[in-house]
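Here is a short briefing on a ligand and the space around it. Look at the sequence and the structure before reading on.

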Amino acid sequence: MSTLLRLDKFLADVGIGTRTQVKQMIRKGQIQVNGIVIKKPEYKIDTQKDRVAASGEELSYQKYRYFMLHKPAGCVCATEDRKEKTVLSLVPEEYRKDLFPVGRLDKDTEGLLLLTNDGDLAHRLLAPKKHVDKTYYAKIEGQVTEQDVEAFREGIDIGDDKLTMPAVLEILHSSDISEIQVTIQEGRFHQIKRMFEAVGKKVLYLKRLTMGPLHLDPLLGPGEIRPLTEEEVKALCERK
Ligand code: URA
């Protein structure tokens, strides 16, 4: 679909700079539209037809942007916060515009977090009826048992109106401090911590490994971010 956009908005959306930075680039004559230098930030661009280049390099317009962040502990899943460091602060400034985290991980939870400006996709991934699988690795205080596995499979009363939906709990190591992997289909507030509390145990460490078709990239260290690959975007968008 072709859209008309101001040149400065087009450039900021592409991610080559903030709105102020791209205005400076335009004024300095660094931006060409269809081979002609344009010095007006308000110049209208047809996103389908016009060829826009910055310092001779052609730019392709993408309405939606998708990033995978390896969320570290200690920051909150919000776009702004007066007191806490946010996940958005880990995104390079030129890519931040309109981005938001898809769902929330607790401040002390690490792992896979999707950031996008695509509201429809976020809605589809978060809608309770869509049952998007999310897998977590956790360290648990106390011995996790087969009874816990059964309780997780059957659904647990965590104090909400309804029991939790069936969750797959896999014991990796059972001891005073156990290691587990758990897959849930919902995203209730503090869900995993509350599920373990309900069976008398405490989550000591929590890390999200997957969300739907997305897997946390093992090459991303805590606090690192990368754009999703085309295949990852396709896999996400193909979900109904
Ligand atoms: N469950 C939790 O308890 N915390 C999270 O951050 C995610 C799932």
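A polar side-chain atom of Asp106 is 2.7 Å from a nitrogen atom of the ligand; a polar contact is a pair of N or O atoms within 3.5 Å. The model is predicted, so local features need pLDDT of at least 70 and side-chain atom pairs pLDDT 80 or more, while totals for chains, interfaces and linings use all residues. Residues are numbered from 1 along each chain as its sequence is written, and side-chain values use heavy atoms, without hydrogens and water.

**Contacts and cover**

- A backbone N or O atom of His190 lies 3.3 Å from an oxygen atom of the ligand.
- A polar backbone atom of Ile192 is 3.1 Å from a nitrogen atom of the ligand.
- Alone, the ligand exposes 240 Å² (Shrake-Rupley method, 1.4 Å probe), and the protein buries 96% of that.

**The shell**

- Around the ligand (a heavy atom within 4 Å) are Leu105, Asp106, Thr109, Tyr136, His190, Gln191, Ile192, Lys193 and Leu206.
- Helix H5 (a DSSP run of H or I, at least four residues) spans residues 191-198 and gives the most to this shell, with three residues.

**The largest pocket**

- The ligand takes up the space of the largest pocket. A pocket is an open set of points on a 1 Å grid over the protein atoms alone, with protein on both sides within 12 Å along at least five of seven lines; a molecule sits in it if more than half of its atoms lie within 2 Å of its grid points.

Definitions and conventions. Polar contact = N/O pair within 3.5 Å; in protein donor to acceptor, adjacent residues only side chain to side chain. 1 Å grid on protein atoms, 1.4 Å probe; cavity = no way out; pocket = protein on both sides within 12 Å on 5 of 7 lines; lining within 4 Å. Helix = DSSP H or I, 4+ residues; strand = E, 2+ residues; numbered from the N terminus.
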